[in-house]
Amino acid sequence: MGAYAVRRLAWLPIVLLVISFFTFTIARFGPGDPVTVAAGQIRDEQIIEQIRVDRGLEGNVFEQYQRWLLNAIRGDFGESFQHRGFTVSEIIFPKIWVSAQLGMIALLIVFGVGIPLGLLAARANGTWLDPFVVGSLLFLQAIPVLVVIPPLLWLFAIKLDLLPVGGWDGLFDIWWIGGVVAIPIPDPHIYIPLIAFTLPGFAGVARLTRITALEVQQEDYIRTARSKGLPESAVALHHILPNSLLPLVTVVAFALAGIVEGAFFVETLLGIPGIGRFTFQSVVSRDYDAILATTVIFSTIFVLMNLVADLVYGIIDPRIRVGVSRT
Amino acid sequence: MTRDIDSAGDERSSVVGRSEWALVWERLRRKRLAMLSLIVIMIIYGAGLFAPILAPYSYTEQNLDRAVEGSSSDHWLGTDRLGRDLLSRAMYSARTTLIVTAAVVVSGSLIIGNALGLLSGYRGGWIDSVIMRMGDIFASLPGLPMLILINSAFSPRVTEAIRGFEEYTGITGIVSSGFPSYLIVFTALSLFFWVGTARVVRAQVLQLREREFIMAAEALGSSQWRIIFSHVLPNVSFLIVLSISSALGAIAGSEIVLSWFGVGVQPPAASFGAMLFEGSGARTFQSHPNLLLVPGVIVTLLLFSFALLGDALNDAISSR
């Protein structure tokens with residue numbers, strides 16, 4: 001196990017190096033010279049050269065990359081071209097925090113709703129309910145987030161006038177009762193993004209739960225438990241459920257990836273100041289350092305999530321531990 | 001792959017030799033939902049394929065006197081902000097989806113994914129390591145921002161290069177046909193969609209390599225290419241079909257998303273992504289719901305059908 005973890009960890013820096021170099025080169029290959037953008041009205045050769053040096057943009061692409069990398073390792077991702085006077089790190093981390101809060105809650109909902117639905121479908125196997133549940137979840141997955149948001153906004157924000165049209169005001173509002181007791185209630189801004197984030201995610205979790213539950217139901221120990229005379233509820237709760245949950249560890253990474261992808265549309269369409277909307281704006285305004293930073297951070301999260309999922313899976317299920325590379 | 005059990009053509013026997021593909025098709029045909037999805041996909045793709053014949057109007061034909069109308073007898077699904085017929089736009093968008101999915105499946109999955117998977121599994125060693133680690137890297141790149149970045153960085157340069165080619169050779173109309181944006185979208189997508197096929201093929205090849213019939217072929221002195229093409233490839237063909245069927249929806253979805261962001265297929269060429277963009281916004285939806293619903297319903301139906309068909313195909317093949 002230890003050797004396996006070490007080998008996987010050893011790959012991490014190499015993968016990240018390749019990814020960051022790849023992104024760096026593409027970003028530099030793009031049209032428009034960021035130095036000219038930064039210089040604005042100034043046409044003085046000397047000043048432009050000075051900007052070039054300050055931004056670390058002189059020399060060939062390898063020299064530039066080396067300079068960027070040394071800074072990035074120290075957590076310095078350069079200055080944002082979009083937001084003058086701020087470093088990318090200063091802008092990026094609060095935005096990641098906003099997205100992370102929304103993403104974590106969405107992830108909890110996806111698993112909290114998806115697992116029971118999967119178990120339900122597995123129990124109803126052979127009846128109309130099973131294909132109905134799976135089919136409806138697949139349908140929800142098929143609706144693009146782009147299509148779902150405008151009707152949701154129209155219904156809840158305009159027609160019913162219950163929720164705000166967009167924006168962000170923190171996860172919770174505090175309700176003070178008599179100025180003493182504080183009750184946190186969900187902020188009205190989070191409902192529509194959460195619906196949009198979670199609808200496409202249920203299908204994956206529910207279907208995996210269903211498949212493993214169906215397999216587990218066939219196992220000898222379930223028959224043994226039943227033949228001992230255990231009530232059906234005890235069999236479901238203590239034997240089928242825990243054993244069906246194992247493979248779900250591996251889809252956490254996928255589910256999170258889905259939420260991160262969804263963040264681009266949800267945040268852009270709903271005006272949430274998260275990392276998805278920021279990445280979109282950075283691409284539109286060619287803020288290279290910001291694009292680089294977000295891509296590298298996203299990739300790090302993806303690679304780490306996959307690694308953690310694999311390792312946790314190896315701990316839970318020793319059968320796959322034996323150094324078999326899971327590619 | 002044909003197993004002619006009674007090649008003598010004994011008509012009394014109920015066991016008739018059929019290829020494995022025929023058996024899979026038989027099983028698939030019995031699933032009503034799968035057949036329905038196949039019909040939906042064929043209708044949408046058919047509309048795209050024959051758009052120049054079927055579409056009542058040109059996708060660029062504007063009529064500002066009749067902008068943002070609801071459905072009427074001349075414009076069945078209404079018109080957009082520039083008075084273009086939505087039905088015709090939708091048909092040409094389906095054409096874009098058809099072109100992009102077909103091109104990415106052929107290049108990304110069938111050619112690159114297949115070749116790298118076979119090579120990786122059959123040769124093993126450092127070739128395998130290099131290819132699979134490359135796959136890991138592509139799989140761990142955040143797809144959407146990378147696609148947006150690649151498209152926005154390369155699009156002007158490629159257009160410029162093709163314009164230069166036009167001037168040099170005297171051929172015209174390549175840039176104005178929108179070809180460069182299709183080329184970039186499909187290259188960028190192929191870059192990401194080979195990994196799935198390659199992994200599946202490699203895993204299967206690794207298992208096959210240990211099987212007796214491959215060893216026998218090797219022992220008999222068959223060349224490597226002969227083994228790959230006549231022994232290995234037929235045995236991975238089902239998996240290739242499966243990986244393609246599961247990728248189709250993702251490919252179609254990616255093109256739509258890229259065009260929505262404005263870095264995909266460029267206007268005036270039609271794309272569901274661009275159509276959805278025009279219809280998004282709560283106020284727009286309130287006053288002109290058809291701007292969003294026309295592309296939205298078609299895209300949802302298409303993606304849903306891909307998912308259902310892929311599932312049914314998976315069942316039909318795995319119960320082989």
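**A helix pair in chain B**

Select helix 10 and helix 12 of chain B: F272(B), M275(B), L276(B), E278(B) and G279(B) in helix 10 are in contact with L291(B), L292(B), P295(B), G296(B), I298(B) and V299(B) in helix 12. The model is a predicted one. Sorted by type, the residues of this contact are 8 nonpolar, 2 polar and 1 charged.

Now hide the side chains and look at the axes. Helix 10 covers residues 272-279 of chain B and helix 12 covers residues 289-318 of chain B; their axes come within 7 Å and cross at roughly 140°. The crossing of helix 10 of chain B with helix 12 of chain B is left-handed.

**Chain B as a whole**

Zoom out to chain B. The C-alpha trace of chain B spans about 75 × 55 × 40 Å along its principal axes.

**Where chain A meets chain B**

Show both chains and select the residues in contact across them: 40 residues come from chain A and 41 residues from chain B. About 3,900 Å² is buried between chain A and chain B, and 81% of that is on carbon and sulfur atoms.

How many salt bridges link chain A and chain B? The count is 1 salt bridge. To see it, select R207(A) and D311(B), whose closest N and O atoms are 2.4 Å apart.

Next, color the side of chain A that touches chain B by helix. At least two residues each are supplied by helix 1 (2-29), helix 6 (129-142), helix 7 (145-159), helix 12 (248-270), helix 13 (275-284) and helix 14 (288-316) of chain A. Helix 1 of chain A gives the most, with 9 residues. By type, the residues on this side of chain A divide into 30 nonpolar, 7 polar and 3 charged.

**A salt bridge within one helix**

Over all chains, the whole structure holds 10 salt bridges. For one that stays inside chain A, select D220(A) and R223(A), whose side chains meet at 3.1 Å, N to O. Both residues belong to helix 10 (residues 220-227) of chain A, where D220(A) and R223(A) are 3 residues apart, about one turn of the helix. Side chains of opposite charge can pair when their charged atoms come close.

Notes. Residues numbered from 1 in each chain as written. Chains lettered and ligands numbered in written order. Predicted model: local features only at pLDDT ≥ 70, side-chain atom pairs only at ≥ 80, totals over all residues. Heavy atoms only, no water. Contact = heavy atoms within 4.5 Å. Buried area = accessible area lost by both parts, 1.4 Å probe. Salt bridge = Lys/Arg side-chain N within 4 Å of Asp/Glu carboxyl O. Helix = DSSP H or I, 4+ residues; strand = E, 2+ residues; numbered from the N terminus. Nonpolar A, V, L, I, M, F, W, Y, C, P; charged D, E, K, R; others polar. Axes fitted to C-alpha atoms, helices over the stretch in contact; angles between N-to-C directions. Left-handed = near helix turned anticlockwise from the far one by under 90°.
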